[in-house]
Amino acid sequence: MSHNTLDKHDKLPIKMLHDRVLVRSDAPEGERRSGGGILIPATAAVGRRLAWAEVVAVGQNVRTVEASDRVLYDPEDRAEVEVRGVAYILMRERDLHAVAADRFEGGEDSTGLYL
């Protein structure tokens with residue numbers, strides 16, 4: 001899979017530059033549920049909460065993540081962009097806190113998850 005694709009059939013009409021990473025958030029903004037099923041409204045005051053997202057494109061200088069990786073980021077430090085009616089988040093690679101990807105599990109060069 002190319003670094004600049006959403007999937008095999010739907011290429012992005014943009015090319016990411018330098019150390020930029022384009023991600024799509026796993027969860028919609030607003031209400032969420034706790035592990036016990038309690039509904040937490042979007043206006044609830046909580047501590048700084050990081051969020052998971054899927055990488056959809058990376059610039060040529062990005063070294064640690066690839067398209068389709070899941071990454072942990074701070075939703076307060078983000079720049080949103082809309083491409084073809086879909087909202088994405090644009091950030092620098094250094095602003096990612098962690099990456100979780102299947103390629104880290106069990107390979108000869110496996111280093112484990114970056115968590």
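Visitor: Which residue stands opposite Val23 in strand 7?

Guide: Ile89 stands opposite Val23. Keep in mind that this is a predicted model. That pair belongs to the contact between strand 1 and strand 7, which pair in the antiparallel sense over 4 bridges.

Visitor: How do I place these two strands in the sheet, and what is the strand order?

Guide: The order is 6-7-1-4-5-8, an open sheet of 6 strands with antiparallel pairing. Strand 6 (79-83) and strand 8 (98-100) stand at the edges. Each has a single partner strand, so one side of each is left without a neighbour in the sheet. From one strand to the next, the twist averages 40°.

Visitor: Is strand 4 mostly covered or uncovered?

Guide: Mostly covered. Of its 8 residues, 6 are buried.

Visitor: How should I read the nonpolar core, and which residues touch the most other members?

Guide: In soluble globular proteins, nonpolar side chains tend to be buried together. Here the largest nonpolar core has 16 residues, and Val21, Val23, Val65 and Val71 touch the most other members. Strand 1 (20-25), strand 4 (51-58), strand 5 (70-73) and strand 7 (86-92) each give two or more residues to this core. Strand 4 gives the most, with 4 residues.

Visitor: What does Val21 touch beyond its sequence neighbours?

Guide: Leave out residues up to four places away in sequence. Val21 then touches residues including Val55, Val58, Val62, Val65, Ile89, Leu90 and Leu96. Met16 and Ala57 are also among its contacts. Those two residues belong to a second, separate core of 7 residues, which also includes Val56 and Tyr88.

Visitor: Why might strand neighbours end up on opposite sides?

Guide: In a regular strand the side chains alternate between the two faces of the sheet.

Visitor: On to charges. How many salt bridges does a search of the whole structure find?

Guide: It finds 3. Arg20 forms one with Asp19, the closest N and O atoms being 2.8 Å apart. Asp19 meets Arg92 in another, at 3.5 Å, N to O. This pair links distant parts of the chain: Asp19 lies in the segment before strand 1, Arg92 in strand 7, 73 residues apart. Arg78 and Glu80 make a salt bridge at 2.8 Å, N to O. Through shared partners, Asp19, Arg20 and Arg92 join into one network.

Visitor: Is Asp19 buried or exposed?

Guide: Buried, because its relative accessible area is 18%, and the cut-off is under 20%. Arg20 is partly exposed at 25%, and Arg92 is partly exposed at 28%.

Notes:
Residues are numbered from 1 along each chain as its sequence is written. This is a predicted model: local features need pLDDT of at least 70, side-chain atom pairs count only at pLDDT 80 or more; totals for chains, interfaces and linings use all residues. Side-chain values use heavy atoms; hydrogens and water are left out. A nonpolar core is a set of buried Ala, Val, Leu, Ile, Met, Phe, Trp, Tyr and Cys residues joined through side-chain atoms within 4.5 Å. Buried means under 20% relative accessible area, exposed over 50%, partly exposed in between (1.4 Å probe, protein chains only). Contact means heavy atoms within 4.5 Å. Two strands pair if DSSP finds at least two bridges between them. Axes are lines fitted to C-alpha atoms, for helices over the stretch in contact, and angles run from 0 to 180 degrees between N-to-C directions. A salt bridge is a side-chain nitrogen of Lys or Arg within 4 Å of a carboxyl oxygen of Asp or Glu.
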